[in-house]
Amino acid sequence: MYSLNTYLTGIVLMSSMNQAQAQAHTSLPYFADWPKIVSVVKKTQEIEDAVKNLVEKMTLEEKVGQMIQPDLREVTPEEAEHYKLGSILNGGGAWPNGNKYATAKDWAKESDKYYLALERAYAGRGFRVPFAWATDAVHGHNNVFKATLFPHNIGLGATNNPNLIERIGAATALEIATTGLDWTFAPTVAVPRDYRWGRVYEGYSEDPEITYNYASRMVRGLQGELEKGLASDKVISTVKHWLGDGGTEMGVDRGENHYSEENLINIHAPGYFSALTAGAQVVMTSFNSWHNEKNYNVIGNDGYNYKLHGSKYIVNDVLKDQMGFDGIVVTDWNGHSEISGCTSGNCPQAVLAGNDVFMVTARKDWQTFYTNVITQVEAGIIPMSRIDDAVTRILRVKMRAGLWDKPQPSLREHAGKESILGANDHRALAREAVRQSLVLLKNNDNTLPLKSTDAFLVVGSGSNDIQKQTGGWSLTWQGDENEIDRDFPGATTVLSAVQNLVGETQVFTDPDTAPEGSIAVVVMGEDPYAEMMGDIKRSKTLEYSNLKRSYAADLALLKTLKTKGFKTVTVFFSGRPLYTSEEIMLSDAFVAAWLPGTEGGGITDVLFNESGYDF
Ligand code: GLC
C-alpha cells in the first residue's frame with residue numbers, strides 16, 4: 001500500500017519523467033506555459049525614438065491608413081495615395097494588370113506605382129512612411145511566371161533536412177526581391193493533424209518537432225540576419241496562421257479547434273516559438289476558432305464564436321504581452337468578418353483584439369472599414385492607445401526592413417533581373433529537394449532502381465500533368481488553369497523526365513503497344529486545390545480511388561497492367577497521406593512524391609539512381 005507521500009512523489013516523478021522522456025525523444029522541449037520569446041532582432045533606441053516621433057506627428061487618418069491592406073485588384077495607386085495606405089497584398093492569382101505572364105520588371109514597375117503614390121501622399125508633411133507590398137510565397141515565389149516552384153511544405157517535411165529549408169528560403173527571397181516586393185506571408189507553421197484538411201500540404205509535418213526545427217531556418221533564409229538590417233536579397237517573413245489552424249475538428253478549413261491550452265502550446269505553437277526567436281517580424285491571425293473559456297470575448301456580448309481574429313487573449317495577451325512579440329499581427333483575408341457580429345467593413349472587435357494590419361480585400365469593404373475605425377476611435381469604442389500600438393509596430397517593422405533607406409522598388413539592386421526567376425541554381429536546388437522528399441513505400445524484388453536500358457510504359461493521370469505536380473498556389477490560387485508549355489516553361493513532368501533519361505524511342509504511353517517486358521511507371525495523384533477547396537467532406541473517406549472518378553481510373557489501370565503482366569512502379573502525387581492500399585498491393589514499387597513542383601527530374605534521379613541519388 002503506497003503512502004500518500006510516495007504516491008504523490010510517484011506522480012511528480014512520472015510527470016517529470018514524461019517531460020524528460022518527451023525531451024529525450026525530440027529536440028522539441030516541453031512548454032508548460034507560453035514562453036517569453038527572446039528574438040534575435042532587438043529593439044534599438046534609434047528606431048524606437050524615430051517611431052515614437054512619427055506616431056506623435058501622424059494624424060488619425062494617416063495612422064488608420066497604415067492599418068489597411070487591400071488586394072492588388074481592389075486598389076489603385078491613386079486610392080493608395082488618397083487613403084495613405086501602408087501596404088497592399090497580391091492574393092493567389094492576382095498579377096500586375098491581370099497579366100499572368102508579367103515579368104519581374106512588370107512587377108517592380110507596378111510596385112513603383114504604389115510606392116511613388118505614397119511618397120506623393122506624404123509630400124509636404126515633413127516626414128514619410130514608405131509603402132510595402134506583401135505576397136504569398138508558399139513554395140517559391142509561386143504567383144510569378146517563371147519563378148522556381150519548390151516542393152510544397154509537406155514534401156520538404158519528408159526530407160527532414162533543416163539546412164535545405166534555409167537554402168530554399170534564401171532562393172525564394174531573392175526571387176521575391178527580383179520582383180520588387182518587400183514581404184512574404186511565409187512560413188506556414190501549421191501542424192496538420194487531420195488529413196481531411198485542404199491545407200495539409202502547406203504544413204511541414206504533423207510532427208511539431210519537424211516544424212519547430214524548420215521554422216527558424218525558413219525565417220533566416222527569407223530574412224537573413226535582419227538584426228543587421230534587411231539585405232537587398234531578403235524580405236520580411238510572416239509566420240502563420242496563429243493559432244491552431246491544423247487542429248480543427250474533422251480537418252474543416254477555418255473550423256473549430258477544441259484543443260486544451262497545453263496541447264495548443266505544445267502541438268500547434270512550437271513553430272512560432274522557433275520562428276519568432278529567429279526574428280520573424282509578422283504573425284498572421286488564423287481563420288479557425290479556439291473553443292476554450294480563456295478565449296474571452298473582447299467586447300463582452302454573448303454569442304462570441306471564439307474566432308482567433310477576435311481573440312484578445314491569444315492575439316494580445318499571449319502573443320504580445322506574455323511572449324513579448326513586438327512585430328506586426330496581420331489578419332487573414334477578411335478573416336475579421338467571420339467574428340460573430342462583424343462584417344468585412346465593420347469590426348471593432350478585431351482591432352480591440354490586437355490585430356495591427358487588416359487584410360480587407362475588396363474596395364467597398366476596406367474603404368468602409370477605414371471610415372468605421374476612424375469613427376470608432378472618435379467615439380471612444382477603440383482607444384487611441386490601441387491604434388498607436390498598431391502603428392508603432394507597423395513603423396517598427398518597416399524601419400527594421402530599412403524601407404526609408406531603400407530606393408523605389410524598380411531601382412533596387414535585384415529588381416527586374418529576369419534571369420533570377422527560375423535560375424538554374426534555383427531549379428537545381430528544387431530538384432535536390434524533390435529527390436530528398438520522395439518516400440519509398442514498397443520495392444519488391446528490387447524493382448528499383450530502374451535501368452535506362454529498359455523500355456518504359458509511362459501512364460496514369462499524373463504522368464504528364466504539371467498541375468498534379470505543382471498543386472495549389474501555383475500561378476493561380478487553386479493551381480488550375482495552367483498548361484506546362486505556356487505557364488511553366490522549363491518544367492519537367494515524369495513522362496518528359498523519363499524520355500529525357502532513356503530516349504523517346506524507349507518510352508511508350510499505350511499499354512497495347514508497349515513491347516513485352518516494358519516496365520510500367522504509373523503516375524497518379526490528386527488534382528490541385530488550395531484551402532477549403534481541398535477539404536475532404538465527412539461523406540468521403542481518405543481512400544484515394546473513391547475521392548474522384550478520375551482517381552478510380554488510376555486503380556483500374558493498375559489492375560489492367562497487373563492482368564497484362566507488367567512490372568509496375570507507381571509514383572503518387574498528393575497533398576497529404578491518403579489510403580492507397582489497393583494501389584500499393586497492385587504495384588511492385590510505390591513512391592509517395594507529395595507535390596514536387598516543376599522539377600520532375602528529381603523523381604527520375606532517384607527512380608534510376610544513376611548518379612548516386614537513392615531514397
Ligand atoms: C488566404 C490564406 C492565407 C494567405 C492570404 C493571402 O486566404 O488563408 O494563408 O496568406 O489569404 O493570400
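Reader: Where is the place of His 241?

Author: His 241 is in strand 4, residues 238–242. Strands here are DSSP runs of E with at least two residues, helices are runs of H or I with at least four, and both are numbered from the N terminus. This is a predicted model, where local features need pLDDT of at least 70, side-chain atom pairs count only at pLDDT 80 or more, and totals for chains, interfaces and linings use all residues. Residues are numbered from 1 along each chain as its sequence is written, and side-chain values use heavy atoms, with hydrogens and water left out.

Reader: And the peptide bond that joins Lys 240 and His 241, cis or trans?

Author: Cis, with omega about -5 degrees. The bond from Ala 186 to Pro 187 is cis too, with omega near 10 degrees. Pro 187 sits in the loop between strand 3 (183–184) and helix 8 (208–223).

Reader: What lies 2.5 Å from an oxygen atom of the ligand?

Author: A polar side-chain atom of Asp 136. For Arg 199, a side-chain N or O atom is 2.8 Å from a ligand oxygen, and for Glu 531 a polar side-chain atom lies 3.1 Å from one. The cut-off for a polar contact is a pair of N or O atoms within 3.5 Å.

Reader: How much of the ligand does the protein bury?

Author: 97% of the 310 Å² that the ligand exposes when taken alone. Those areas are from the Shrake-Rupley method with a 1.4 Å probe.

Reader: Switching to helices: at what angle do helix 9 and helix 10 cross?

Author: Roughly 55 degrees, and the axes of helix 9 (residues 261–268) and helix 10 (residues 270–277) come within 5 Å. The axes are lines fitted to C-alpha atoms over the stretch in contact, and angles run from 0 to 180 degrees between N-to-C directions. So helix 9 is oblique to helix 10, the class left after under 35 degrees (roughly parallel), over 145 (roughly antiparallel) and 65 to 115 (roughly perpendicular).

Reader: Which residues make the contact?

Author: Ile 265, Asn 266, Ile 267 and His 268 of helix 9, with Pro 270, Tyr 272 and Phe 273 of helix 10. Contact means heavy atoms within 4.5 Å.

Note on methods. Polar contact = N/O pair within 3.5 Å; in protein donor to acceptor, adjacent residues only side chain to side chain.
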